[in-house]
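Q: I have a structure open and would like to learn how to read it. Could you take me through it step by step?

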Amino acid sequence: MDDRAPDKWVLPRLPDCGACGKKGCVSPVIPGEKREINWLFLFLGQMLGCCTLDDLKFFCKNTSNHRTGAKNRVLYYAYIEMCRQLEPQTQFNV
């Protein structure tokens, strides 16, 4: 992966709306206050790509990870960090 998130992480497939029938229009509500973002919910739903670059930089800053570069790079580090937190004894802990 060369420390870059794949396109399916950067542009996640959004679910269809059951109420109106529109395809791919249901996106997560991401609070304006970065401290209130539910990172685990976004990770498990594979929706971290819906966050802005600033949101991802905030996450990486608070988890002591590299936070400069393009969105796909910062998103990659956010995904890896979430994996490390959920499975600390695996290969993600390098």
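Q: Are Phe43 and Tyr79 buried or exposed?

A: Start with what you are looking at: this is a predicted model, where local features need pLDDT of at least 70, side-chain atom pairs count only at pLDDT 80 or more, and totals for chains, interfaces and linings use all residues. Residues are numbered from 1 along each chain as its sequence is written, and side-chain values use heavy atoms, with hydrogens and water left out. Buried means under 20% relative accessible area, exposed over 50%, and partly exposed in between (1.4 Å probe, protein chains only). Here, Phe43 and Tyr79 are both buried.

Q: How many aromatic pairs are there in the whole structure?

A: Rings of Phe, Tyr and Trp (its six-membered ring) pair if their centres lie within 6.5 Å; planes under 30 degrees apart are stacked, over 60 edge-to-face, and the rest tilted. Searching the whole structure gives four such pairs. One of them joins Phe43 and Tyr79, a tilted pair with 5.6 Å from centre to centre and 55 degrees between the planes. This pair links distant parts of the chain, with Phe43 in helix α2 (residues 39–44) and Tyr79 in helix α4 (residues 71–86), 36 residues apart.

Q: Why is the pair of Tyr76 and Tyr77 called edge-to-face?

A: Their planes stand at 70 degrees, with the ring centres 5.7 Å apart, so the pair is edge-to-face. Tyr76 and Tyr77 are both buried too.

Q: Which residues do ring pairs link into a cluster?

A: Trp9, Phe43 and Tyr79 are joined in this way.

Q: How many helices and strands does the protein chain have?

A: Helices (H or I, at least four residues) and strands (E, at least two) are DSSP runs, numbered from the N terminus. This chain has four helices and zero strands, giving the pattern α-α-α-α along the sequence.

Q: What span should α4 have?

A: The expected span of a helix is 1.5 Å times one less than its number of residues. For the 16 residues of α4 that comes to 22 Å, and the end C-alpha atoms are 22 Å apart, which agrees.

Q: What covers the buried residues of α4?

A: Think of contacts, meaning heavy atoms within 4.5 Å. The buried residues of α4 include Val74, Leu75 and Ile80, and their cover includes α1 (7–10), α2 and α3 (53–62).

Q: What share of the protein chain is buried?

A: Buried residues account for 33% of the 94 residues.
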